[in-house]
Amino acid sequence: MVGNFGTIGRWIIMSANNRKGYIAVWIGKFNSQKEFQSYITREHRYDKTFDSRFEKDFGLRYYDRDLVESVFKNSGLNTIRELFKGSSYLNEFLETLNDSEQQDLNVIIRIYDFKYENEIKSARYKKNTLMFYKNIKYKKKVELSWMGKY
């Protein structure tokens, strides 16, 4: 019974990170798209699925994987704003991205409706680095004008 309670307690804590209106963002530098994909892809063996190295490194257990956007850019020098280009709901939080200085960054991971609150702030994978950037508040606005009047 005690072991089961611990598992349930951990699930409750981790699912508490799922919060509408937040985007958890990680940024970093990876040597190749292949290494980046290897880092963020979940492993499937036989009939089991194993967490990705990214999920293990940052203690991510339960979140909606359909709400994840990740980007690898071939260019090594990018501004934070450049890494966010093409983001869902970008107009809802663009003004919070005030960093226009180029940095040695080329990857970004965004998890929507998730607020990261774990203590782990950075990780290394081979010769690559990834760090938690911040949680960004946003509002989902859905454009329905294309549907006409009802």
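**Note on the aromatic rings and nonpolar cores**

1. Tyr112 is buried, with a relative accessible area of 5%, where buried means under 20% relative accessible area, exposed over 50% and partly exposed in between, with a 1.4 Å probe and protein chains only. Tyr138 also counts as buried, at 5% relative accessibility.

2. Before going further, please keep in mind that this is a predicted model, in which local features need pLDDT of at least 70 and side-chain atom pairs count only at pLDDT 80 or more, while totals for chains, interfaces and linings use all residues. Residues are numbered from 1 along each chain as its sequence is written, and side-chain values use heavy atoms, with hydrogens and water left out.

3. The protein has 4 helices and 9 strands, which are DSSP runs numbered from the N terminus (helices are H or I, at least four residues; strands are E, at least two). Read from the N terminus on, the order is α-β-α-β-β-α-β-β-α-β-β-β-β. Of the 150 residues in the protein, 37% are buried. Among contacts (heavy atoms within 4.5 Å) with a separation of 6 or more, 77% are between residues 24 or more positions apart.

4. Which residues have the most contacts inside the largest nonpolar core? In this core of 20 residues they are Trp26, Tyr39, Phe54, Phe58, Leu60 and Leu130. The elements that give two or more residues to this core are β1 (22-29), α2 (33-40), β7 (107-112), β8 (122-125) and β9 (128-137). Apart from it lies another core, of 14 residues, among them Ile23, Phe93, Leu105 and Ile108. A nonpolar core here is a set of buried Ala, Val, Leu, Ile, Met, Phe, Trp, Tyr and Cys residues joined through side-chain atoms within 4.5 Å.

5. Leaving aside neighbours within four places in sequence, Tyr39 is in contact with residues including Phe30, Ser52, Phe54, Phe58 and Leu130. Ser52 itself is found in the loop between β3 (48-50) and α3 (53-57), and is buried, with a relative accessible area of 1%. With the neighbours within four places again left aside, Ser52 is in contact with Tyr39, Ile40, Thr41 and Arg42.

6. Rings of Phe, Tyr and Trp (its six-membered ring) pair if their centres lie within 6.5 Å, and planes under 30 degrees apart count as stacked, over 60 as edge-to-face and the rest as tilted. By this rule the count comes to 18 aromatic pairs. The rings of Trp26 and Tyr116 have centres 5.1 Å apart and planes at 65°, so the pair is edge-to-face. This pair links distant parts of the chain, with Trp26 in strand β1 and Tyr116 in the loop between β7 and β8, 90 residues apart. Trp26 counts as buried at 0% relative accessibility, and Tyr116 at 1%.

7. Returning to the opening residues, Tyr112 and Tyr138 form an edge-to-face pair, 5.7 Å centre to centre with 80° between the planes. Tyr112 lies in strand β7 and Tyr138 in the segment after β9, so the pair ties together parts that are 26 residues apart in sequence.
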